[in-house]
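Take a moment with the model below.

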Amino acid sequence: MANELSGKRIAVLAASGVEQVELEQPRRVAEDAGATTTLVSVDTGEIQAMNSDINPADTFSVDRAIADVSADDFDALILPGGTCNPDTLRQNGDVISFVQAIAAAGKPIAAICHAPWTLVEADLVRGKRLTSFPSLRTDIRNAGGTVVDEEVVVDQGLITSRNPHDLDAFCSAILKEFA
């Protein structure tokens with residue numbers, strides 16, 4: 001089923017410090033399934049991806065700045081991880097408003113590794129079951145979420161995974177939930 005996401009518009013929201021494989025693999029899977037993806041960030045220009053949080057990897061050109069997009073422009077949202085990436089995103093009011101608007105519209109959100117930090121800041125984990133990188137789990141519990149240690153968790157349109165080792169399961173869940 002190479003076209004299960006045909007016609008879908010997916011925002012990939014990331015900033016410098018994004019874990020490269022967590023940006024590239026879900027984006028490629030979505031595009032291979034027929035979706036159009038747009039790399040959205042806090043500013044235009046390029047973002048610096050990382051490998052294992054500390055090794056500079058490739059740079060990626062931003063398609064649109066967060067101030068210039070609306071939840072109406074997209075059918076779903078992918079939030080890749082990396083430690084610095086979501087830490088930057090969660091401090092930006094436009095990012096938080098955008099993520100909240102995507103959720104309020106009932107559109108699915110996929111967040112891996114450290115990306116649930118943005119969901120915590122947007123107050124979107126309360127009453128939800130999710131997973132993340134271990135260092136975020138106290139933050140998620142403090143924000144009212146229930147944390148489990150599973151490779152992928154889907155709850156009310158929210159897809160979460162723990163780390164790059166879970167990418168295959170994460171991408172499979174994205175295909176199913178975004179379709």
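Which residues does Leu 119 touch, not counting residues up to four places away in sequence? Leu 119 touches Leu 79, Val 99, Ile 109, Ala 111, Leu 124, Val 125 and Leu 158. Contact here means heavy atoms within 4.5 Å.

Some ground rules come next. This is a predicted model, in which local features need pLDDT of at least 70 and side-chain atom pairs count only at pLDDT 80 or more, while totals for chains, interfaces and linings use all residues. Residues are numbered from 1 along each chain as its sequence is written, and side-chain values use heavy atoms, with hydrogens and water left out.

Now place Leu 119 in its setting. The largest nonpolar core has 31 residues. Leu 119 is among those with the most contacts inside this core, along with Leu 13, Leu 77, Leu 79, Phe 98, Val 99 and Ile 109. A nonpolar core is a set of buried Ala, Val, Leu, Ile, Met, Phe, Trp, Tyr and Cys residues joined through side-chain atoms within 4.5 Å. Buried means under 20% relative accessible area, exposed means over 50%, and partly exposed lies in between (1.4 Å probe, protein chains only).

Which elements build this core? At least two residues each come from strand E1 (9-13), strand E7 (76-79), helix H3 (93-104), strand E8 (109-112) and helix H4 (116-121). H3 gives the largest share, 5 residues. These labels are DSSP runs numbered from the N terminus: helices (H or I) have at least four residues, strands (E) at least two. A second, separate core has 26 residues, including Leu 5, Ala 33, Ile 112 and Phe 178. In soluble globular proteins, nonpolar side chains tend to be buried together.

Next, look at the rings. A search of the whole structure finds 1 aromatic pair. Phe 74 and Phe 98 have ring centres 6.0 Å apart and planes at 90 degrees, so the pair is edge-to-face. Rings of Phe, Tyr and Trp (its six-membered ring) pair if their centres lie within 6.5 Å; planes under 30 degrees apart count as stacked, over 60 as edge-to-face and the rest as tilted. Phe 74 lies in the loop between strand E6 (64-65) and E7, and Phe 98 lies in H3, so the pair ties together parts that are 24 residues apart in sequence. Phe 74 is buried, at 1% relative accessible area. Phe 98 is buried too, at 5%.

Turn to the strands. In E3 (residues 36-41), 5 of the 6 residues are buried, so this strand is largely enclosed by the rest of the structure. E1 and E3 pair in the parallel sense over 5 bridges, with Val 12 opposite Leu 39. E3 and E6 also pair in the parallel sense, over 2 bridges. There, Ser 41 stands opposite Ala 65. Two strands pair if DSSP finds at least two bridges between them.

Finally, check the backbone. Most residues other than glycine have a negative phi. Cys 113 has a positive phi of about 65 degrees, and Gln 156 has a positive phi near 50 degrees. Are these two buried or exposed? Cys 113, in the loop between E8 and H4, is buried at 6% relative accessible area. Gln 156, in the loop between strand E11 (152-155) and strand E12 (158-161), is exposed at 63%.
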